[in-house]
Amino acid sequence: MPLRVTFVAAARSSSLLAERFEDDRPLDQAGWSEVLGAAADLLPLAAAELRYCSPTPRSRATGDALGYAPLVQLALRDCDMGRWRGFTLGEAMAREPGAVDSWLADPLATPHGGESLLAFISRVGGWLDTRPVEDGGRVVAVAEPSVIRAALVYVLKAPPSTYWNIDVRPLSTTTVTGRAGRWNLRLEGAPAQPTRA
């Protein structure tokens with residue numbers, strides 16, 4: 001049996017339009033309400049042998065509220081956005097439109113003085129590849145949506161530009177299975193209902 005890693009997207013700390021690079025704000029009231037509403041569905045993931053989270057306040061609070069008691073992993077931190085840390089995309093665009101365009105177009109670009117998109121994807125993928133492998137082992141990781149997007153690009157061996165086309169909603173789950181360098185995306189849903197004649 002391959003290793004099974006389920007990512008849980010942290011609950012929100014702001015509206016989507018107000019999301020900031022490397023946001024270190026705690027959960028807002030809406031985020032807490034969402035966690036409480038999703039707890040019954042997400043609680044079974046606490047049975048995973050290993051439970052991790054991003055170092056952000058909202059990831060830690062989400063994991064704790066779900067009963068995971070997760071271990072903080074620095075490798076699951078958001079992309080280092082250098083001098084854009086704390087800005088919304090709109091604020092960065094208003095200040096440095098050419099630099100933002102460069103960053104969005106080139107996965108190796110670091111106009112903000114931080115980490116490139118490719119380095120971010122590689123860091124998250126490196127974390128995934130170094131998880132302890134036990135047959136049938138289960139891992140749960142509460143992380144920022146950006147971290148989960150990076151993991152998916154890595155798992156699928158997709159071009160880095162694919163990162164911009166993945167939408168990860170708060171408290172959604174994404175499961176990958178496999179081993180270092182050999183990962184598969186696992187889509188799960190309700191079992192098919194038999195049709196009646």
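What lies over the face of Tyr163, and at what distance from the ring centre? Arg149 does, at 4.0 Å. A charge counts as sitting over a ring if NZ of Lys or CZ of Arg is within 6 Å of the ring centre and within 35 degrees of the ring normal.

Some ground rules. This is a predicted model, where local features need pLDDT of at least 70, side-chain atom pairs count only at pLDDT 80 or more, and totals for chains, interfaces and linings use all residues. Residues are numbered from 1 along each chain as its sequence is written, and side-chain values use heavy atoms, with hydrogens and water left out.

Now the aromatic pairs. The whole structure has six of them. Rings of Phe, Tyr and Trp (its six-membered ring) pair if their centres lie within 6.5 Å; planes under 30 degrees apart are stacked, over 60 edge-to-face, the rest tilted.

Take Trp84 and Trp103. Their ring centres are 5.7 Å apart and their planes stand at 85 degrees, so this pair is edge-to-face. It links distant parts of the chain. Trp84 is in the loop between β3 (71-72) and α3 (89-95), Trp103 is in helix α4, and they are 19 residues apart. Helices (H or I, at least four residues) and strands (E, at least two) are DSSP runs, numbered from the N terminus.

Trp103 also pairs with Trp164, again edge-to-face: 5.1 Å centre to centre, 75 degrees between the planes. Trp164 lies in the loop between α6 and β5 (173-179) and Trp103 in helix α4, so the pair ties together parts 61 residues apart in sequence.

Buried or exposed? Trp84 and Trp103 are both buried. Trp103 has a relative accessible area of 6%. Trp164, at 30%, is partly exposed. Buried means under 20% relative accessible area, exposed over 50%, partly exposed in between (1.4 Å probe, protein chains only).

One aromatic cluster takes in Trp84, Trp103, Phe120, Tyr163 and Trp164.

Last, the largest pocket. Its volume is about 750 Å³. Of its 32 lining residues, the closest to the centre are Glu19, Phe21, Ser146, Arg149 and Tyr163. A pocket is an open set of points on a 1 Å grid over the protein atoms alone, where a 1.4 Å probe fits, with protein on both sides within 12 Å along at least five of seven lines; lining residues have an atom within 4 Å of a point. The volume is the space filled by probe spheres set on the points. Helix α6 gives the largest share of the lining, three residues.
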